[in-house]
Each structure stands twice: as structure tokens, then as C-alpha cells.
Amino acid sequence: MDREAEEIKKRMADQIRTAPAVTVTTLPVDLDDRSFESFVKGGKPVVVDFWAPWCGPCRFVSPVVEDLAKEYGDRVKFGKVNVDENPITANRFAIQSIPTIMYFKNGKPVDATIGALPRPMLERKVKALL
């Protein structure tokens, strides 16, 4: 019986080693004034959604950003900043209207969109980062 159990363990270990990688769903990361800077720096381009919970258009854009994060999350990092809770970051980028979506490359802002834009327009901006 011990030999049979060892054989089963060996087969299971072989299956685990050869199993295809599991795709992890990527959602936007909630950012704050302290985590923002380190998040936008790095190799991957970054998309940041500046929003507030009371903002109707923000609720329209949020699922679109989440869908884009699921689709492009392996190549682009996605984050969200609640402007009410993180005024330092919002002021740093002069966010006066929300939703504002900013696009970063090499830690620097390269583009921004303001308002509840449809997915094709936002997707074009994400593709332009690549």
C-alpha cells in the first residue's frame, strides 16, 4: 500500500509541475496618497482612475476600467484614487473634474481623459501606452 501511495504522490507532483499557468484576474488597485508614487513607477505603463463614491459618471466608468484591467492587466497596471480620501494626490495632478483617468509611462503622466467616456475611447488610450 505504501508503494501505491508513493506512486500516486509522484503522479500528482508531475501533474502539478506540468499544469498550465492559472490566469489571475487583475482588478484596479486602490491607491492612496502614500502608495501612489511607488505604484506609478516601474516598467509597466499605468492607468489611474480618479473618482469619488458620490460621482454618478464615476460609477459608469468604473466597470469599464475594471474590464480593461482584466484584459490588459498583464501589460498595464491599473489603479484607482478616491479624490475625497486622497487630496494630496488629487491636488498634485490638478484633478478638478471626475472621473479623470490619467495615463503614465515611466512614472510620468503622458495623457488624461475627463468624463464618462465609452470603452472604445478609453481602450484606444490604453493601447497607445503599449
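A: A residue counts as buried when its relative accessible area is under 20%, and as exposed when that area is over 50%. In this predicted model, 37% of the 130 residues count as buried. The accessible surface comes to about 8300 Å², and 55% of that surface belongs to carbon and sulfur atoms.

Q: How many helices and strands does the protein have, and in what order do the elements run?

A: The secondary structure comes to 5 helices and 5 strands. Read from the N terminus, the order is α-β-α-β-α-β-α-β-β-α. Among contacts between residues at least 6 apart in sequence, 73% join residues at least 24 apart.

Q: How does one read the buried side of a helix, and which residues of helix 5 are buried?

A: The general idea rests on helical geometry. An α-helix has 3.6 residues a turn, so residues three or four places apart point the same way. In helix 5, which comprises residues 119–129, the buried residues are L122, E123, V126 and L129. These residues lie on the same side of helix 5 because they cover an arc of only 105 degrees around the axis. The face turned away from this buried side carries the exposed residues R124 and A128.

Q: What covers the buried residues of helix 5?

A: The cover includes one helix, helix 3 (56–72). It also includes strand 2 (46–51), strand 3 (77–82), strand 4 (100–105) and strand 5 (108–114).

Q: Which residues of helix 3 are buried, and what do they pack against?

A: The buried residues of helix 3 are C58, V61, S62, V64, V65, L68, A69 and Y72. They pack against helix 5 and against strand 2, strand 3 and strand 4. The length of helix 3 can also be checked: at 1.5 Å a residue, its 17 residues should span 24 Å, and the end C-alpha atoms are 25 Å apart, which agrees.

Q: Which residues of the largest nonpolar core touch the most other members?

A: A nonpolar core is traced through buried nonpolar residues whose side-chain atoms lie within 4.5 Å. The largest such core here has 18 residues, of which F36, V48, F50, I95, I98 and F104 touch the most other members. Helix 2 (36–40), strand 2 and strand 4 each supply at least two residues of this core. Apart from it lies another core, of 15 residues, which includes V76, Y103, L117 and L122.

Q: What does V48 touch, and is V48 buried or exposed?

A: V48 belongs to strand 2 and is buried, with a relative accessible area of 0%. Leaving aside residues up to four places away in sequence, V48 touches L31, F36, V40, G79, V81, T100, I101, M102 and F104. V48 and F104 are 56 residues apart in sequence, yet their C-alpha atoms are 8.1 Å apart in space. On the same terms of sequence separation, the contacts of F50 include F36, V81, F93, I95, I98, P99 and M102.

Q: Which cysteines does a disulfide join, and are they buried or exposed?

A: A disulfide is assigned where two cysteine sulfur atoms lie within 2.5 Å. By this rule the count comes to 1 disulfide. The disulfide joins C55 to C58, with an S to S distance of 2.4 Å. The link of C55 and C58 is right-handed, with 80 degrees about the S-S bond. C55 is buried, with a relative accessible area of 4%. C58 also counts as buried, at 4% relative accessibility.

Q: How does one read the backbone, and which peptide bond is cis?

A: Most residues other than glycine have a negative phi, and most peptide bonds are trans. The peptide bond from I98 to P99, by contrast, is cis, with omega near 0 degrees. P99 is located in the loop between helix 4 (87–92) and strand 4.

Q: Where are A94 and N106 found, and what is the phi of each?

A: A94 is found in the loop between helix 4 and strand 4. Although A94 is not a glycine, its phi is positive, at about 50 degrees. A94 counts as exposed, at 53% relative accessibility. N106 lies in the loop between strand 4 and strand 5. N106 is not a glycine either, and its positive phi is about 55 degrees. With a relative accessible area of 65%, N106 is exposed.

Definitions and conventions. Residues are numbered from 1 along each chain as its sequence is written. This is a predicted model: local features need pLDDT of at least 70, side-chain atom pairs count only at pLDDT 80 or more; totals for chains, interfaces and linings use all residues. Side-chain values use heavy atoms; hydrogens and water are left out. Buried means under 20% relative accessible area, exposed over 50%, partly exposed in between (1.4 Å probe, protein chains only). Helices (H or I, at least four residues) and strands (E, at least two) are DSSP runs, numbered from the N terminus. The arc is that of the directions from the helix axis to the C-beta atoms. Contact means heavy atoms within 4.5 Å. Accessible areas come from the Shrake-Rupley method with a 1.4 Å probe; for residues, only the protein chains shown count as cover. The expected span of a helix is 1.5 Å times one less than its number of residues.
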